[in-house]
Amino acid sequence: MHLKWDRYAQELAFAEDHPDFVKKIGDEAVEKALNLVERMLKKGASMDKIRASLGLSENTKTA
């Protein structure tokens, strides 16, 4: 348990010290997910299939 806490503390400190890097990584992940959704929609996939492939529940809002 002590090792898990130490690792969490290190990750938190890194995120606090490098917010621009963390934001960049998050933005890239969102962009990849949006590209995936666009490709699936173009191929005719239903929103249910897209949600399932992304691990989202049916309660997840879509715009």
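1. The mean pLDDT of the protein is 89, and 89% of its residues reach 70 or more, where pLDDT stands for the predictor's confidence in each residue, on a scale from 0 to 100. This is a predicted model, in which local features need pLDDT of at least 70 and side-chain atom pairs count only at pLDDT 80 or more, while totals for chains, interfaces and linings use all residues. Residues are numbered from 1 along each chain as its sequence is written, and side-chain values use heavy atoms, with hydrogens and water left out.

2. The secondary structure comes to three helices and zero strands, and from the N terminus on the elements run α-α-α. Helices (H or I, at least four residues) and strands (E, at least two) are taken here as DSSP runs, numbered from the N terminus. Helix H1 covers residues 2–17, helix H2 residues 19–42, and helix H3 residues 47–54. Among these elements, H2 has the highest mean pLDDT (95) and H3 the lowest (89).

3. Of the 63 residues in the protein, buried residues make up 8%; buried means under 20% relative accessible area, exposed means over 50%, and partly exposed lies in between (1.4 Å probe, protein chains only). The protein exposes about 5,800 Å², of which carbon and sulfur atoms supply 59%. Accessible areas come from the Shrake-Rupley method with a 1.4 Å probe, and for residues only the protein chains shown count as cover.

4. By the rule used here, the count comes to four salt bridges, a salt bridge being a side-chain nitrogen of Lys or Arg within 4 Å of a carboxyl oxygen of Asp or Glu. One of them lies in helix H1, where the side chains of Arg-7 and Glu-11 meet at 3.3 Å, N to O. Arg-7 and Glu-11 are four residues apart, about one turn of the helix. Arg-7 counts as exposed at 56% relative accessibility, whereas Glu-11, at 45%, counts as partly exposed.

5. Asp-27 is partly exposed, with a relative accessible area of 41%.

6. The side chain of Arg-51 meets that of Asp-48 in a salt bridge (3.1 Å, N to O), and the two residues, both in helix H3, lie three residues apart, about one turn of the helix. Asp-48 counts as partly exposed at 47% relative accessibility. The side chains of Arg-51 and Asp-48 also make a polar contact (3.1 Å), a term that covers a pair of N or O atoms within 3.5 Å; within protein, one atom must be able to donate a hydrogen and the other to accept it, and residues adjacent in sequence count only if both atoms are side-chain atoms.

7. A pair of aromatic rings is described by the distance of the centres and the angle of the planes. Rings of Phe, Tyr and Trp (its six-membered ring) pair if their centres lie within 6.5 Å, and planes under 30 degrees apart count as stacked, over 60 as edge-to-face and the rest as tilted. By this rule the count comes to two aromatic pairs. Trp-5 and Tyr-8 form a tilted pair, with 5.5 Å centre to centre and 40° between the planes. Because Trp-5 and Tyr-8 are three residues apart in helix H1, about one helical turn separates them. Trp-5 is exposed, with a relative accessible area of 54%, and Tyr-8 is partly exposed at 43%. The rings of Phe-14 and Phe-21 have their centres 5.9 Å apart and their planes at 90°, so this pair is edge-to-face.

8. Phe-14 and Phe-21 also belong to a nonpolar patch on the surface, which they form with Val-22 and Ile-25 and which has about 340 Å² of accessible area together. Patches are made of residues with over 30% relative accessible area and no salt bridge, like charges being joined within 9 Å and nonpolar side chains (Val, Leu, Ile, Met, Phe, Trp, Tyr) within 5 Å. Helix H2 supplies the largest share of the nonpolar patch, three residues, and Phe-21 has its place in that helix. Phe-14 is partly exposed, with a relative accessible area of 38%, and Phe-21 is partly exposed at 43%.
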